[in-house]
Amino acid sequence: MSSLRQLTASSRSQVPPFAVMDILARVDQLRAEGRDVVSLCAGEPSGGSPSGVSAAAARIHASGRALTYTPALGTAELRAAIAGHYGQWYGLDVDPARVAVTTGSSGAFVLGFLAAFDVGDRVALARPGYPAYRNILAALGCEVVEVDCGPETRYQPTPELLDAAVREHGQLAGLVLASPANPTGTMVSRAELQAIVEWCQGNGVRLVSDEIYHGITYPDAVLDEHSQRGVCAWELGGEAGNEAIVISSFSKYWGMTGWRLGWMLLPEELVGAVDALAGNVALCPPAPSQLAAVEAFSPASYAEAEAWVAQYAETRRALLNGLGPLGWGPAAPADGAFYLYAELGSQLERFGDSREYCRALLEAEGVALVPGTDFDAHAGGRSVRLSFAAGSTAVTTAVERILRFQRA
């Protein structure tokens, strides 16, 4: 009998696939077959990058300059521009040396988690929540503690829920908080974030604040006058706030999803670790994206982004006003981002769960939604996520098709 070790995939790689990627693959197949498909799956703004960023990229590529490696944490010019953004939006004086540019926010999560947590550390997440947090942490050997957050806390964790998680699971090393959140779009107020920052400091917990949807918020949903764009964790708690890892991206507010560019604000003690890790993992973020992205912080680019947010607001308003005819169940309030997360109500009796509902809807009517199972393995079978980033025309068409599908 052979004593050779069987060659298999690693145990750490055994994470569930992100269902939205499978759905998008099916969307591509149907479109290749000539089907007209309205995709409300991905959180991908329909407008694309600001025109100034695209023009800068064209100049950069036309110049013939060599697009070589950059420093592992990004170019000095872009890091300074990001630091300036925090001064403009939040009144913060951020040292560019504490800014790390990354290959999308996804790269920031990998590097941030690697730098902050060890194998076996417990890290808490809200449920429902973005599945990549859970899956990246699990692949890195961390113990994920999911905190069940329902409508009574607006789908966000609270110090009381975190105390309960510690009693049940033991000491936490980290907490990932998203505001606005994916899939619910809900936000925490300044006072609520302050309480969480203080809880983390008092319990020796590293806060990872996902702020990639900052700027995409709606006037009728702002929780207090000081949170129009979202509250940055570094605004709060003095040094306690600065102990947080803040993660953001060019993908959402600026619509630059395919440019693969994100960033982190880092506690001083993690800068060296992230620098070393980044140099080994990816060498550097994409050079042409970095060079062009500086233009994202121009007045014209901010103005274009604000115009898109105004369009999202109109689409959101029409969608929320039209929920009645759909007959779905409770929906999250969608304070920010561009998602509607709702229970399916009576449709569950017909289809059993959200996965089957989404599958049947896509095949019958060419409308792609994401089942809630991506975001909540326990109760997500009752819910769907609809992205209204595709714009009002796409959403209006989709709702018409959904109503026809549900009447069939």
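**Notes on a predicted model**

1. Please keep in mind as you read on that the model is predicted.

2. Stepping back to the whole sheet, we have an open arrangement of three strands in the order β9-β12-β11, with antiparallel pairing. The edges are taken by β9 (339–343) and β11 (370–371); each has a single partner strand, so one side of each lacks a neighbour in the sheet.

3. Next, have a look at helix α5 (residues 131–139), which is mostly covered, with seven of its nine residues buried. The buried ones are P131, A132, Y133, R134, N135, I136 and L137. What do they pack against? Their partners are the helix α4 (104–116) and the strands β3 (122–127), β4 (143–148), β5 (174–178) and β6 (206–210). After α5 comes G141, where phi is positive, near 90°.

4. Finally, a loop residue: L266 lies between β8 (262–265) and α9 (268–281). Is L266 buried or exposed? L266 has a relative accessible area of 0%, so it counts as buried, the cut-off being under 20%. Setting aside neighbours within four places in sequence, L266 is in contact with R98, A100, W234, I245, V271 and V274. As for G204, 62 residues from L266 along the chain, the C-alpha atoms of the two are separated by 17 Å.

Key
Residues numbered from 1 in each chain as written. Predicted model: local features only at pLDDT ≥ 70, side-chain atom pairs only at ≥ 80, totals over all residues. Heavy atoms only, no water. Buried < 20%, exposed > 50% of the residue type's maximum accessible area, 1.4 Å probe, protein only. Helix = DSSP H or I, 4+ residues; strand = E, 2+ residues; numbered from the N terminus. Contact = heavy atoms within 4.5 Å. Pairing = 2+ DSSP bridges.
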